[in-house]
Amino acid sequence: ELDLSGFVKLVALPERLGELTSLEDLNLAGCKSLVALPDSLCDLGHLTRLSLGEVEHQEGRMGGGLFGGGRLEKVVHRCESLVALPERLGELTSLDKESLMAALKLVERLPEGIVEHPHLRDARELDLSGFVKLVALPERLGELTSLETLDLGGCVNLESLPEQLGE
């Protein structure tokens, strides 16, 4: 277990975090200044619990994010300063769609590798409406060849669309 909850001035985590291969519980609740998670987070194969929420007591534990069964399944989406997710987030294939979309909604730029995630790879529809922080879409979004509908309503900060989109 690694409990960094309440470290309000923590801006980033070291890339070497991924070397803690036996880590099961990572608590980042209340880390209001945290702006990115390292790509190596995706190397934590034993991670069963991750909290990105606000500090709160819950059954004697801090935080609110929950991952189960030794595989990443849910992300709590209350880490408002977060602007970047690991580029390899698409490799966390057991991450459920609701959790994936909640995590994506937190950031300004979606990771390029996200198009490889099973929930997006074969998607016919992609609803990014209300992603108000979103500034740019991944260039690789054009690789989603099954995509028929892309909803960007309410993406008020979006500056451009990928060149490949619609090819």
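**Salt bridges and their surroundings**

Author: Let's start with Arg88, which is partly exposed at a relative accessible area of 24%. That label follows because anything under 20% would be buried and anything over 50% exposed. Keep in mind that this is a predicted model. Asp43 is also partly exposed, with a relative accessible area of 36%. The two side chains meet in a salt bridge, 2.4 Å from N to O. The pair bridges distant parts of the chain: Arg88 sits in the loop between strand 5 and helix 1, while Asp43 is in the loop between strand 2 (25-27) and strand 3 (49-51), 45 residues away.

What lies behind a pairing like this? Side chains of opposite charge can pair when their charged atoms come close.

Searching the whole structure gives 6 salt bridges. Glu116 and Arg140 form one of them, at 2.9 Å from N to O. Glu116 belongs to the loop between helix 1 and helix 2 (118-121) and Arg140 to the loop between strand 6 and strand 7 (149-151), so this bridge ties together parts 24 residues apart in sequence. Both ends are partly exposed: Glu116 has a relative accessible area of 38%, and Arg140 has 25%.

Another bridge joins Arg121 and Asp122, with 3.9 Å from N to O. The cut-off matters for this one: a salt bridge needs the nitrogen within 4 Å of the carboxyl oxygen, so 3.9 Å counts. Arg121 is partly exposed at 41% relative accessibility, whereas Asp122, at 53%, counts as exposed. Going back to Glu116 and Arg140, salt bridges with shared partners join them and Glu143 into one network.

Now for the nonpolar side of the picture. The largest nonpolar core has 38 residues, and Leu28, Leu37 and Leu104 touch the most other members. Helix 1 (residues 97-104) contributes the most to this core, namely 4 residues. Leaving out residues up to four places away in sequence, Leu104 touches Leu85, Leu89, Leu110, Pro111, Ile114 and Phe131.

You'll find Leu13 in the loop between strand 1 (2-3) and strand 2, and it is buried, with a relative accessible area of 12%. Apart from neighbours within four places in sequence, Leu13 is in contact with Leu4, Leu28, Leu34, Leu37 and Pro38. Val35 is 22 residues from Leu13 along the chain, and their C-alpha atoms are 9.4 Å apart.

Towards the end of the chain there's Leu165, in the segment after strand 7. Leu165 counts as partly exposed at 29% relative accessibility. Its contacts, not counting residues up to four places away in sequence, are Leu141, Gly142 and Leu150. Leu165 and Leu144 are 21 residues apart in sequence, with 8.7 Å between their C-alpha atoms.

What about cysteines? Cys31 is buried, with a relative accessible area of 1%, and Cys155 is buried as well, at 10%. Even so, the count of disulfides is 0.

Zooming out, the protein chain has 2 helices and 7 strands, arranged along the sequence as β-β-β-β-β-α-α-β-β. Of the 167 residues, 42% are buried. Among contacts with a separation of 6 or more, 56% are between residues 24 or more positions apart. The accessible surface is about 8,800 Å², and carbon and sulfur atoms account for 49% of that.

Finally, how far does the predictor trust each piece? The chain averages a pLDDT of 78, and 78% of residues score at least 70.

Terms used:
Residues numbered from 1 in each chain as written. Predicted model: local features only at pLDDT ≥ 70, side-chain atom pairs only at ≥ 80, totals over all residues. Heavy atoms only, no water. Disulfide = S-S within 2.5 Å. Buried < 20%, exposed > 50% of the residue type's maximum accessible area, 1.4 Å probe, protein only. Contact = heavy atoms within 4.5 Å. Areas by Shrake-Rupley, 256 points an atom, 1.4 Å probe, with all protein chains shown as cover. pLDDT = per-residue confidence, 0-100. Core = buried A, V, L, I, M, F, W, Y, C linked by side-chain atoms within 4.5 Å.
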